[in-house]
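I opened the notebook for a quick tour of this one. Here is what I looked up, entry by entry.

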Amino acid sequence: MTSSSQRTAQALRARSQRTEAGLVRIKSVVDQLAKSGAPITVAAVARQADVSRTFLYEHAEARNLVAEAILRARGLRARTDQPSTTRWRRPGVNAHSTPRRP
């Protein structure tokens, strides 16, 4: 490898390590907030985990951790956990009077 490609590889590894460390801190903060009964918000998690709110929004795993924690705190489950068995659909205003073609 050339020196610039080595530096690039090192920078990518460092960024990956920072991301993983941030995710570990986020998990810890979410657990602490849930146990304490404190409100779980993006701002609170970002502040206590020492990450930016942008980090929470841009990283899917971080965003999902916070969203699931908020739903659990509200006593709800994520929509992906609850398959919908009934689909309600309201017909149009004159749907009953329109003849159907065979």
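This is a predicted model: local features need pLDDT of at least 70, side-chain atom pairs count only at pLDDT 80 or more; totals for chains, interfaces and linings use all residues.

What covers the buried residues of α2? I found that the cover includes α1 (3–36), α3 (53–58) and α4 (60–73), with contact meaning heavy atoms within 4.5 Å.

Residues are numbered from 1 along each chain as its sequence is written, and side-chain values use heavy atoms, leaving out hydrogens and water.

Entry: the overall layout. I looked up the secondary structure and got 4 helices and 0 strands, in the order α-α-α-α from the N terminus. Helices here are DSSP runs of H or I with at least four residues, and strands are runs of E with at least two. Of the 102 residues, 23% are buried, that is, under 20% relative accessible area with a 1.4 Å probe, counting protein chains only.

Entry: helix α2. I checked residues 42–49 and noted V42, A44, V45, A46 and A49 as buried. Just after α2, D50 has a positive phi of about 60°.

Entry: α1 against α4. I recall that two packed helices are described by the angle between their axes and the distance between the axes. The axes of α1 and α4 come within 10 Å and cross at roughly 5°; they are lines fitted to C-alpha atoms over the stretch in contact, with angles from 0 to 180 degrees between N-to-C directions. The two helices, α1 and α4, are therefore roughly parallel, a label for angles under 35 degrees. From α1, the residues making the contact are L23, I26, K27 and V30, and from α4 they are E61, A62, L65, V66, A69 and R72.

Entry: the core. Which residues have the most contacts inside the largest nonpolar core? They are I26, V45, V51, L56 and V66, in a core of 19 residues. Such a core is a set of buried Ala, Val, Leu, Ile, Met, Phe, Trp, Tyr and Cys residues joined through side-chain atoms within 4.5 Å. The helices α1, α2, α3 and α4 each give two or more residues to this core. I followed V66 and saw that V66 touches I26, V42, V45 and L56, leaving out residues up to four places away in sequence.

Entry: T19. I placed T19 in helix α1, and T19 counts as buried because its relative accessible area is 16%. Beyond its neighbours within four places in sequence, T19 is in contact with F55 and H59.

Notes
Buried means under 20% relative accessible area, exposed over 50%, partly exposed in between (1.4 Å probe, protein chains only). Angles under 35 degrees count as roughly parallel, over 145 as roughly antiparallel, 65 to 115 as roughly perpendicular and the rest as oblique.
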